Structures are given as C-alpha cells and as structure tokens.
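Please read this briefing alongside the sequence and the 3D view. It begins with the chain as a whole and then turns to selected places.

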Amino acid sequence: MANRQPASALRQLRTLFAEGTTTGLTDSQLLRRFAAKRAESSESAAAAEIAFASLVDRHGAMVWGVCRRVLRDNHEAEDAFQATFLVLVRRAGSVRVDESLGRWLYGVAHRVARRARFETERRANRPGLSAPDAPTDPAVDVERREIGDALNEEVDRLPLKYRCPIELCYLQGMTYDQAARQLDWPTATIKSRLARGRLRLRRSLVRRGLTPSVLATVAAESRAAVPPVIVKSTVRAAASLGVGVIPPTVTTLFEGVLKMMALEKIGLAAAGAVVALGLTAAGMTQLPPQRRVSSSQSPAIGTRPQDKPNRPVAMDSRWVKSLPNGATIEVVGVSTHPSGPRTWWHPNGTPLEQPPCDPSDAKISSGDLRGARSVVVRSGTSSAKPSSDESFVARSIVVRISGVPAGLEHMWSIHYGQQVSKGIAKRNGKAVPDLSESTVLFERERKSCTIYFQVHTSPWKTMRMFGKSESASGSISGPSFITSEAIATEKGTKWTITHNFPDDKPFRVVAIDQNDVEHPARNHSGLGVPSFQQLNMEFDLLPDQIKQFLVQTRGLEKIEIPNIMLDPAGPS
C-alpha cells in the first residue's frame, strides 16, 4: 500500500509532462481528450481521467445544485449527480458543444433528477414500504415540502432560456459572468433573461399564494458545495464504467435516461409506462377530426386500419433524421400541386393511401417562375436554360418536425427548387402543429431533391465590430471582412460588407444604436464571387443614430435527407 501512492503520483506527473495541463482548455477540447485517451495506455487513461475531473470540477456545482433543488435529499442528489456525469461518459463521442458543456449538462441533470424523483415517489407509494424517518416537527416538514414542490413546479414551467439563469444565478448564487461562462451566453443576455424570468416566476408564485421571498429561502438550501467525496467517487466511477463498481441505483438512473434519450432521438415513445401513456394521450388529443370517436361510441373496427398505410415508411431511417439535441424531421409525403385524395406518394415514390393534409392554396406567380429559372442557372444542373413555363412542375412536400428543444429556432428548406410557399399543414381545415407543408417549383427533368433541416443551438455571438467608416479586417486562418462607409438614404442607412465567412455557418449583421439596442437589417441583397460574398444592407436608423455594426454568428446543428422522389414510382 505504501508504494501505491508514489506510483500514482509519478504516473500523474508523467501524464502532465506528456499531455500538458488542462488549464485553459475549452470543454469541447477536454471532452475530445477524454474520449480519445480513455481506451489507450495507462498514461493515456490517466490523461482521460484528469480531463474528466476538470469537467466535473467546472460544472459540478451547477449539476449538484440542480439535483438538490429537484430532489431535496442529499443521498438521492448524490446518485443523480453521478448518473448525470456517467451519461456524459457514455455520450462523450457524440456530444457536440461549441465552448461550454453547461447547457447540455444542465438539461441532463434536470432530466436525471426528475426521473429519480419519480422513482422515489413510486417506491413510496408501494404498500409495505416504510416511510423515511420522520422529522422532529412534521408540520414544519410538510410546509417546507409543499413550498419546495410549488417552487420546483413553477421553475420547471419556465422556458429553458429563463430557467437556466434563474437556476444558476438565483438558486446557486453564481455571478452574471460565471453563469455566462457556464452557458456560453453573453453576460448581457444572462442579465436580461434573468430579469424576465424573475418577473415571470414572481407572478406565478403570487398566483399560488406564495411570497417571492420563498425563492431566497430555497436558494439558501440549494447553494451547498459539492462534497469532495462525491466528486472523487464520480471520477472514479467514470474511469471504471463497465467494471461493475457503480451502485445499482446510479446504474439504473443513468441507463434509464440514456434509453430515454435514445428513444427520443429516433422519434419513438419515451421509456417508462407513465411517460409512454402520457405521450399516447397527447397523441390522441392531436388526432385529425375524422379519426376521433365520440364519448358515447366505441371505436369502430374499421377505423384503425385506415391510418396504417401511411406509417410503414415513417420507420425507414432514410426519411427520418435526428439531430444530437433531439430535434427530428420526417419526410411524410410528396404530391403534385394542387394535391388531391390520390396524388400523394412516399419519399421513395410508392403511393400513399391517405393524403397527410388538405390541399395547399398556394398560387404560382410569374416571380416564382423567374426564381425557378435562376435556381436552375445557378445550380448548373441543366444543359440548357429552360425556355418556357412548361419546363417546370410544382410539388407539395410535407414533413413532420418534433423534439425541438424549447427556445431553439429551427427551419427546413429544399435544395434544387424554388419555394413558393411554406407553412403549417391543415387537416380538415384545422392546423396540425407538427406538420409543415411547402410548395416548390422544380425543373421538370429533375427526378429527386434534398431536404435540409437545421436548429440553432445558441444565441447570436459577436465576431467583429465595425465603425461607420471604411475598414478591413482579416487573418490567414480566419474570415476576412471589407466594409464600406455608412451612407444615409431616405429611409435610413445603407452599408456594404464583403466577406469570406463559411456558407454553412449562420451569419448576420446588426446595427447598434446609441442606447446599445440591436437593429437587424431591414433587407439586404448580395452577389458572390469565388470564396467571397458582398452584402448590401439597409437599416432603419440614420448614420448619426448608429454607434457601430456587429457581425454575428451562432451555433448550428443540421442534417440532410437526399433522394426524395419528385415523381411517383408506382406500387412497391
């Protein structure tokens, strides 16, 4: 035993010399080091353990606070804490982060803690099980539990963009800057969302007969430091995952949450009987009117097979794709435009027995046809420029979008076509929230198209700041920018920027007024040359009202679904 500690210290020292310190590494760099090194030699495994310990050190207080708030029991919070980081171990190779894991870990911790609370309540309701030790004053304990339950419910009802700063700043006592680093948000965003979230929470607490001061009371209980022994045991469990040294309660927790995340990712029902029943009930309330049955009737035998023909292809992984954040898109069907009862087909060309939605009322204009011609010319896929309107056909395409995390913007688009219209699809005259329909013009000779789906995963972040005079900025390894002078117009200000920012990343420019308020461009046009694009932007402010221009980008996850057939292929 006496020789083990020096040997361990020597191994740690060799690791530091070989791999370097983790100070200054971003979360994504630490996660990559952990995933890459954990399966190699003992020194590499030590490097992986050090990287993981750094992640636990950075985010442990936040995860611990979430678990304590939701569970209000230290022993259960310890299990949830370990389970949260073990989920990270299992998902280390697939988690995508920009700089900070904070938001992802917050979501996992919240999910793990809620699952643990559900399991605790379920066990407590079983007959024959003894209740936990009673406190000295049962009335005080009941009152504290009711207040805690009410606060948890109202905090959990807040949108994610408000719940995160409330959790970190109010309940865990972090400063604005600390919360901003944890969530990878600008400090100004933390302040504004905290103020709005606090106002919402105060109103909801007052409606329940509680004073806002209960928030401070519960916050004081949530701000305990993570016990060092829990940190050590978590890092040790991560290093030995699969060896069998993890407590069964922790294993049940993190494996259950992993299964739930996997099922959500592929668009199936969540694990667990209550969750499954809840999803089934929610789905039944959203069934189209023709499938509903009155309360005085039993379901007709012939109604169930009627909705089966449209489902088999939905399970085909070619037409259902999910992003790491859980957002899923499914290509439901394609039709000629205007559509009819028998005009729809699956994305592989085989017929759809039932139309997924009502016919679109989109009208094709001459501007749409001009846009379609320009799409063909830009894509360079046609041997000759289309000579007439008969060279194009209109198609209606319907997709189903689900699982988009609250507060995140998303969009889908179609490549190789000119979009005429896009919106929520209707069935029997009523909107179906998860169905989206687009009417698109394609060149008649085109046989298939590709759908792109993207979700913005973080707020806009400023890359460059420019004044109102001509300027240039750039580097060999990064993007370059050339800007014009801000020119006054009758309606505001015109400003031009030329850049080589990657096409696959979100990009925008905002004008900042004298009160530091952002003003997006009213409209913009542009032209491109190889590697560079020039944008002409117009703002509603006059030049003397503008302090500066900001070039911004934000995190993005995207996927594509190719080879969607634009003509029916007949029966399969």
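The chain contains 15 helices and 19 strands, where helices (H or I, at least four residues) and strands (E, at least two) are DSSP runs numbered from the N terminus. This is a predicted model, in which local features need pLDDT of at least 70 and side-chain atom pairs count only at pLDDT 80 or more, while totals for chains, interfaces and linings use all residues. Residues are numbered from 1 along each chain as its sequence is written, and side-chain values use heavy atoms, with hydrogens and water left out.

**The chain as a whole**

- Of the 572 residues of the chain, 42% count as buried, a term that means under 20% relative accessible area, with exposed meaning over 50% and partly exposed lying in between (1.4 Å probe, protein chains only).
- The accessible surface of the chain comes to about 30700 Å², and 53% of that surface belongs to carbon and sulfur atoms; accessible areas come from the Shrake-Rupley method with a 1.4 Å probe, and for residues only the protein chains shown count as cover.
- Among contacts in the chain with a separation of 6 or more, 70% are between residues 24 or more positions apart, a contact being heavy atoms within 4.5 Å.

**Surroundings of Ala486**

- Ala486 sits in the loop between strand 11 (481–483) and strand 12 (487–488), and with a relative accessible area of 11% Ala486 is buried.
- Leaving aside residues up to four places away in sequence, Ala486 touches Lys468, Thr493, Lys494, Trp495, Pro543 and Phe549.
- Lys468 is 18 residues from Ala486 along the chain, and the C-alpha atoms of the two are separated by 5.0 Å.

**Backbone features in loops**

- The peptide bond from His337 to Pro338 is cis, with omega near 0°, and Pro338 belongs to the loop between strand 2 (328–336) and strand 3 (344–345).
- Asn428, a residue other than glycine, has a positive phi near 55°; Asn428 lies in the loop between strand 6 (418–427) and strand 7 (430–443), and is partly exposed at a relative accessible area of 44%.
- Asp516, again a residue other than glycine, has a positive phi near 65°; the loop between strand 14 (508–513) and strand 15 (518–520) holds Asp516, which counts as exposed at 52% relative accessibility.

**Where helix 9 contributes**

- Helix 9 (residues 187–207) supplies the largest share of the positive patch, 4 residues, and Arg203 is found in helix 9.
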